[in-house]
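Welcome! Please take a look at the sequence and the 3D structure below, and then read through this short briefing.

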Amino acid sequence: MPVSDIDANTQFPVPAGVFAETVTSVEHYTDRLFKFRITRPASFRFRSGEFVMIGLPNAEKPVFRAYSIASPSWDEELEFYSIKVPGGPLTEHLQKIKVGDTVLMRKKPTGTLVNDALLPGKRLWMFSTGTGIAPFASLIRDPETYEKFDEVILTHTCREVGELTYGKELVSQVKDDPLCGEFAQGLRLYSTTTREDYPFMGRITDLMKSGKVFEDLGLPPITPETDRGMICGSMEMLRDTKATLESFGLVEGANNRPDTFVVERAFVD
Ligand code: A2P
């Protein structure tokens, strides 16, 4: 869209290098979490697991924040999963969006949580906390993930039980989906809480160190020979989970240097 175009919902011009897309659905999970979907520009390409910069057309110079695309690369819409930060420069307004509103999206996707950044392996572990599940929501809906790995284990740790709903719904939808279902037989979800009673409790770092996650799943402990990891969560979670994987002998990789695990930060205000 040319710079001079004025968005229908505001009086502000759409900045250069930005798509103006329409909200197609919004679902609130808790007072801290919601999901929204927007139209996908025909020319927009990305790899499952990547993120883009999202903003609102509510100012001359809109605030943009990085959001992992939660939908897979084949989907005709784009899905995002967001926290609501009280007073957050973007999420304070973003949490109020409705179907038909406009969301701005910078044109260039990027990210390291992509299948290409990992060496082939038997088992892929996706470690997430909170909204850090978003890139994995994309990757578990991409058949390529299952072409590369026999088993895919998504771990999701949240403070409270209600925050686990998005991940649980997602995994059951994937298993029932006509396209992914037949590929996704090897997918397992391991959900834990840290601040509310639940059958499985604890930080994933502690559960790996104690071996409880492996016992619960009936799997051997992680080794560089068979296991690969992807991590997405808060800065502290990334640091500690990275150290835990390194203690099992895994090595951090990147797009241009694939190895046995990769890291991305979850993007919040
Ligand atoms: P905890 O409740 O013990 O802090 P947040 O909403 O703060 O990002 O936290 C989401 C989840 O991630 C919580 O269950 C939290 O546990 C957990 N968590 C926070 N910091 C770490 C960390 N350094 N390593 C592993 N898990 C963490």
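A polar contact is a pair of N or O atoms within 3.5 Å; within protein, one must be able to donate a hydrogen and the other to accept it, and residues adjacent in sequence count only if both atoms are side-chain atoms. With that in mind, a backbone N or O atom of Met237 lies 3.5 Å from a nitrogen atom of the ligand. The model is predicted, so local features need pLDDT of at least 70 and side-chain atom pairs count only at pLDDT 80 or more, while totals for chains, interfaces and linings use all residues. Residues are numbered from 1 along each chain as its sequence is written, and side-chain values use heavy atoms, with hydrogens and water left out.

**Around the ligand**

- Arg195 places a polar side-chain atom 2.7 Å from an oxygen atom of the ligand.
- A polar backbone atom of Cys158 is 3.4 Å from an oxygen atom of the ligand.
- On its own the ligand has 560 Å² of accessible area (Shrake-Rupley method, 1.4 Å probe), and the protein covers 83% of that.
- The residues surrounding the ligand (a heavy atom within 4 Å) include Arg32, Thr129, Arg203 and Asp240.
- By class, this shell has 6 charged residues (Asp, Glu, Lys and Arg), along with 4 polar and 2 nonpolar ones.
- Helix α7 gives the largest share of the shell, 3 residues (helices are DSSP runs of H or I with at least four residues, and strands are runs of E with at least two).

**The sheet**

- Six strands form an open sheet: the 6 strands pair antiparallel in the order β4-β3-β6-β1-β2-β5 (two strands pair if DSSP finds at least two bridges between them).
- β4 (65-68) and β5 (77-83) are at the edges with a single partner strand each, so one side of each has no neighbour in the sheet.
- Strands β3 (residues 51-55) and β6 (residues 102-106) run antiparallel and are joined by 2 bridges.
- Ile54 stands opposite Met105 in β6.

**Salt bridges**

- The structure has 15 salt bridges (a side-chain nitrogen of Lys or Arg within 4 Å of a carboxyl oxygen of Asp or Glu).
- One of them joins Glu151 and Arg123, whose closest N and O atoms are 3.1 Å apart.
- This pair links distant parts of the chain, with Glu151 in strand β8 and Arg123 in strand β7 (residues 123-129), 28 residues apart.
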